[in-house]
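Dear colleague,

I am passing on the structure below, with notes on what was found in it.

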Amino acid sequence: MAKTHVTMKVNGAEVEGLVEPRTLLVHFIRENLGMTGTHIGCETTHCGACTVDIDGMSVKSCTMFAVQAQGSDIITVEGMANADGTLSALQEGFRMMHGLQCGFCTPGMIMRAHRLLKENASPSEEEIRMGISGNICRCTGYQNIVKAIQYAAAKINGVEFREAAE
Amino acid sequence: MIPGSFSYHRPASVADAVKLLSDLGEDARPLAGGHSLVPMMKLRLASPAHLIDLHGIAGLKGIRRDGNKLVIGAMTTQHDLLASEEVAKSVPILHEAALLIADPQVRYRGTIGGNVANGDPGNDMPALMMTLGASYRLEGSGGTRDVAAADFYQGAYFTALEPGEILTSVAVPVPAAGHGYAYEKLKRKVGDYATAAAAVVLTMSGGKVATCAIGLTNVHETPLLATDAAKAVIGTSLDAATLAKAAAAAEAIMAPAADARGPVEYRKHVGGIMVTRALQRAAANAK
Ligand SMILES: Cc1cc2nc3c(=O)[nH]c(=O)nc-3n(C[C@H](O)[C@H](O)[C@H](O)COP(=O)(O)OP(=O)(O)OC[C@H]3O[C@@H](n4cnc5c(N)ncnc54)[C@H](O)[C@@H]3O)c2cc1C
Ligand code: FES
Ligand code: FES
């Protein structure tokens, strides 16, 4: 099958590559671009490990073709640190609140939480749980992931993070 | 899980898309949000030789009010529906049901056109569209035609779409002011397809049901209109005996497949419960 030339912006940098139309975006990101932060968990569009941010939307990159991303603006977990290399509020939240165990789901969780907080800077616990309902974690049971996102929201809003009494 | 090879086309107009579809014939498929089609392609349950991506066609997106109808472009996503004030105000059941579809990532990509054109009995929008009396605009090389949602579904994955046709928009009659509505969906977990679901749109007058439509999701190979169940509640105040009669009438037309969501009897039973709950909630929120 003839290959197609694609260009897109990933984490602020213009990238290009030759892909077959059937190349999934997640494979382009991992194999052509060598950015392996974006994970493949299920490949059936259920787990969310492959979530990236495309033109202001959270997208499961295992369910979109690279040719469809032609010209788009993508953020992956590699693009989440602050400009000076320090951890962003979300990354810090996952670290401080023990929001990960094996870390497999973490890139997808962070990318989904990134868009969630852009759309709703102060989500309730319920809104966070619904917001990450397309992301599956097999380790932590979500409690600490929710806390990590609450920590990040507090930090972004410049308020003190208080853990809810259990 | 890598899909089979195909050629990718990105037409800029409906006319170009229709031309490609009719020139390329049976082996070509429209690609909308891809969230039903791409998983099927990865499992090699579908292997179209050509994909006609509809994302480049600006005219297929958007929601507009046209008299007493809401006209929704086929490429409008579930996320767009949830963000629309017009939808929340004039057809709130559409907002309620869109929120019960899949998860946020799927809703950013999945379109109303893909959801209703797909023909999967598990999709939530088709029964809702039948309940609302919606119609679909189909465009092919022979011209444009409107088909009522109630006449569109012929079998699992089998619809009134002719080869070479695409669905361009969905027209939803805005229900009467003060109508009551509810979409009750039983699912195994957030983001799942329905074990069984029921849509109810009704109006009340003097404490009694004046008009009523009931639709059923995933309890048959096509979405269903539960006409007898709806008739049974008209003129009543939805007392316990009437609700039981309506649930039984709805269950009588259900023929779900036994699958991971449960055996036939269970799915019919909970289907009846969804009808009861939707009727009660719709009556309670009618003004
Ligand atoms: C994890 C997961 C959970 C899901 N849960 C639900 C759920 O709970 N409820 C639910 O309703 N859906 C659910 N879905 C399906 C999702 O909503 C799909 O997005 C939707 O069914 C199809 O819309 P699409 O735009 O993605 O269409 P596509 O996948 O692009 O297309 C589906 C089919 O319709 C055809 N088609 C698409 N657009 C047109 C058009 N304009 N004209 C003619 N033919 C067209 C395509 O050729 C294809 O055959 C789920 C999907 C996933 C991955
Ligand atoms: S790998 Fe994409 S959703 Fe699981
Ligand atoms: S931390 Fe292991 S899957 Fe989430």
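Asp124(B) and Lys185(B) form a salt bridge in which the closest N and O atoms are 2.7 Å apart, a salt bridge being a side-chain nitrogen of Lys or Arg within 4 Å of a carboxyl oxygen of Asp or Glu. Because Asp124(B) sits in the loop between helix H7 (112-117) and helix H8 (125-132) of chain B while Lys185(B) belongs to strand E11 (residues 180-186) of chain B, the pair ties together parts that are 61 residues apart in sequence; helices (H or I, at least four residues) and strands (E, at least two) are DSSP runs, numbered from the N terminus. Over all chains the rule gives 20 salt bridges.

Please bear in mind that this is a predicted model, in which local features need pLDDT of at least 70 and side-chain atom pairs count only at pLDDT 80 or more, whereas totals for chains, interfaces and linings use all residues. Residues are numbered from 1 along each chain as its sequence is written, chains are lettered from A and ligands numbered from 1 in the order in which they are written, and side-chain values use heavy atoms, with hydrogens and water left out.

Turning to the interface, 29 residues of chain B are in contact (heavy atoms within 4.5 Å) with 31 residues of chain A. The area buried between the two chains, that is, the accessible area (1.4 Å probe) lost on putting them together, summed over both, is about 2500 Å², and carbon and sulfur atoms give 61% of it. Gln105(B), Tyr108(B) and Arg109(B) supply 27% of the area that chain B buries against chain A, more than any other three residues. The rule finds one salt bridge across this interface, where Asp103(B) pairs with Lys60(A), the closest N and O atoms being 2.7 Å apart. On the side of chain B that touches chain A, two or more residues each come from strand E1 (7-9), helix H2 (37-42), strand E3 (50-53) and helix H6 (104-109) of chain B, and H6(B) gives the most, with five residues.
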